[in-house]
Amino acid sequence: MTRGDRQKLFMGLLFISPWIIGFILFLAYPIAASLYYSLCHYSVLAEPVYVGMENYTSLLHDSVFKVALVNTLIYAAMALPINMLMALGLAVLMHRPIPGRGIFRTMFFLPSLVPLVAMAILWSWLLNTEYGLVNYLLSLVNVPPVDWLGSTQWSKVSMVFPTTWGVGGMIVIYLASLQEVPLHLYEAARLDGARFWRQFWHVTLPLISPVVYFNLIITIIQLLQVFIIPYIMTKGGPARSTLFFVQYVYDTAFRFLRMGYASAMAWILFLVILGLTLIATWATAKRIYYSAE
Amino acid sequence: MMKFFKPHSAVPDSESESIFLILRFLALLVFGLAFALPFLWTVSTSLKRLADTTKMPPEWIPRTSVYSAVVNGNRISRADVAWGSPENRIDQTGQFPPNVDLAWVRPEGSEVAYRAVKKEDLEKVDDIIDFQWANYLGAVKAIPFWVYTQNTLFLCFLSVLGTLASSAIVAYGFSRIKWRGRDTTFLLVLATMMIPFPVIMIPLYSLFREVGLIGTMVPLWLPTFFGNAFFIFLLRQFFRGIPEDLTDAARIDGCSEWRIFWNIICPLSHSALIVVAIFKFIETWNDFLGPFIFLTDQRDFTLALGLQFFQSQHGGTDWHYLMAASTLVTLPVILLFFFAQRKIIEGISMTGMKN
């Protein structure tokens, strides 16, 4: 290493030093501590006591944990395709010139700015069985009132509404990537006789596939960590039908003060997220098209 | 694909194109309306009387009926009406509660005692639009709204300041200085975004508890002064777009890295810095889980947290107040969006430009 290289290394490290300190203090240490706590009985009021794999083996027999895990997976499986299709569909409808394009974009984007707490509160009002707007609109087409938040059958579906309403950020990301698809490719496809659907399938989708993948991963991560919306709308009920993973972690840690057990749970969550991300990566790998830069 | 090729397809194409445009427009209109309805419903509810929030079919624009009545042979042309008995008075709903025959009236705006009249002696004379702006006042008074607003703004200010300062400096180190191991280290920065917050929230809690900072705002803003992976990424992308020649020339002139950062890069990047500031502001304004874990005293609550408290306190029945409070908490973010629309859209668009 020359003197200049050393100088540069020093300056570089100096500039990123805030991140290094933050990384150690607020990330690396918590990760290590969390791993350690997950092997302990720890109530935060007393020192942690090492118990080996006990927390993890207890999790295997914890029926509530299973409920929370299954609930979260069912919920994510419902919300993921709906949100992905909604965002991509609306972006595709909007990306070519159309009257009122700016207004539409704003209309679709604004809900994503609403604080999650407010979102949860206003959707519990919209989904109110007797006086809610959703049931009123359904009654116009002769659908009998649905007990959205009070029945185990519909409670998870109810939690999908707010997240779908908030897909605006994804729409904007899609719009930006759609603008980058070269127009001459559409021209060429049209000369080949490809109409809308085939153009979309053979030109648009391959070219924006990296962004679809990006949105897919982000959405999976967010859905598996859903907390505020069920916490406000139903507190996990009825009959634990909306008890999701993070709420169970929160309750275990901060209400029952079983921080070791909760840490073990959080690591399972991490593994689930990692696993699903890898599956998604593997499943889409062959279909993602990276243009040569 | 070629087998579907039809000669002369250009002419019907433009026709189908315009049909297609109309279809697209209609689809957008339907979905746009569906996305806008929750907002309209919220604002509409926030301006109603409590009794009117449960009216079916719902009224989008709150209205009040004005009645005239005949009391002891005297006609009161515009009457204040109380339904039911004065002791057990129901708000003015515009409809008779089913099991009450009497209504109680007095001249509009007067302070005299209510007099009983029979239902038949009442006559609806007018139906006026009547927004209950007082609901907003009621909602603000029901919680320490201004205290929460101050707390939230204080937290937003420190968080934005911390994020701007630290992320810009770190992004400079990752983009404008070439040092060995830089790009590998940057991958580590990106990887940290994969860690779910629940994994680290428990050790963070016990760490801040150890130093006696639970129940203060410090755990919420202190970490922002040490760089945020997402914003470092965003700013690094931007800094890399600034021509190298500029900084090379400055280095030859003997400028220190700090001066290059402060006097050249920062002024050229103000639009990216504004995007970061706006994003961080919105994120902090809307954050729930952080304050929920670290704040213990109600006097320190932020608006997002206070709103939840408001809901649990009112048991979710005072929908008009709840909607007014929700509107108030959401409004600043929406206003910010309209002031900085272009920057926000640009910033989010950049997010997808990864890989």
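Predicted model: local features only at pLDDT ≥ 70, side-chain atom pairs only at ≥ 80, totals over all residues.
Let's start with chain B. Its secondary structure comes to 15 helices and five strands. Chain B has 355 residues, and 35% of them count as buried. Now look at contacts in chain B with a separation of 6 or more. Residues 24 or more positions apart account for 71% of those.

How is chain B divided into domains? The domain assignment gives domain 1 at 2–34, domain 2 at 63–130 and domain 3 at 138–351. Take domain 1 and domain 3 of chain B. Their C-alpha centres lie 43 Å apart.

Next, the strands of chain B. Find strand 1, residues 63–71, and strand 5. Those two pair in the antiparallel sense, over seven bridges. For one position to look at, go to B:Ser68. It stands opposite B:Glu123, which is in strand 5. Is strand 5 of chain B covered or hardly covered? Hardly covered. It runs over residues 122–129, and of its eight residues the count of buried ones is zero.

Now move to strand 3 of chain B, residues 102–107. B:Ala103 lies there. Why does B:Ala103 count as buried? The cut-off is 20 or more other C-beta atoms within 10 Å. B:Ala103 has 23, so it is buried. One distance to note: B:Ala103 and B:Asp52 are 51 residues apart in sequence. In space they are 18 Å apart, C-alpha to C-alpha.

On to where the chains touch. 82 residues of chain B are in contact with 75 residues of chain A. Which element of chain B gives the most to that side? Helix 1, residues 10–46, with 15 residues. By class, the chain B side has 53 nonpolar, 21 polar and eight charged residues.

Now chain A, and helix 8. This helix covers residues 168–179. Let's check its length. At 1.5 Å a residue, its 12 residues should span 16 Å. The end C-alpha atoms are 17 Å apart, so the two agree.

Helix 8 of chain A is mostly covered. Nine of its 12 residues are buried. Among them are A:Gly168, A:Met170, A:Tyr174 and A:Ser177. What do the buried residues of helix 8 pack against? In chain A, helix 3 (63–95), helix 4 (101–109) and helix 10 (196–224). Chain B joins in too, with helix 15 (341–351).

Last stop: the backbone of chain A. Look at the loop between helix 11 (228–233) and helix 12 (245–255). A:Pro238 is found there. A cis peptide bond joins A:Gly237 and A:Pro238, with omega about -10°. A:Lys235 has its place in that loop between helix 11 and helix 12 as well. A:Lys235 is not a glycine, yet it has a positive phi of about 55°. It is partly exposed, because it has 13 other C-beta atoms within 10 Å, and exposed would need 12 or fewer.

A:Val44 also has a positive phi, about 70°, although it is not a glycine. Where is A:Val44? In the loop between strand 1 (40–41) and strand 2 (49–50) of chain A. A:Val44 has 19 C-beta neighbours inside 10 Å, so it counts as partly exposed. Buried would take 20 or more.

Definitions and conventions. Residues numbered from 1 in each chain as written. Chains lettered and ligands numbered in written order. Helix = DSSP H or I, 4+ residues; strand = E, 2+ residues; numbered from the N terminus. Contact = placed C-beta atoms within 7 Å. Pairing = 2+ DSSP bridges. Nonpolar A, V, L, I, M, F, W, Y, C, P; charged D, E, K, R; others polar. Domains from an automatic or database assignment. Expected span 1.5 Å × (residues − 1).
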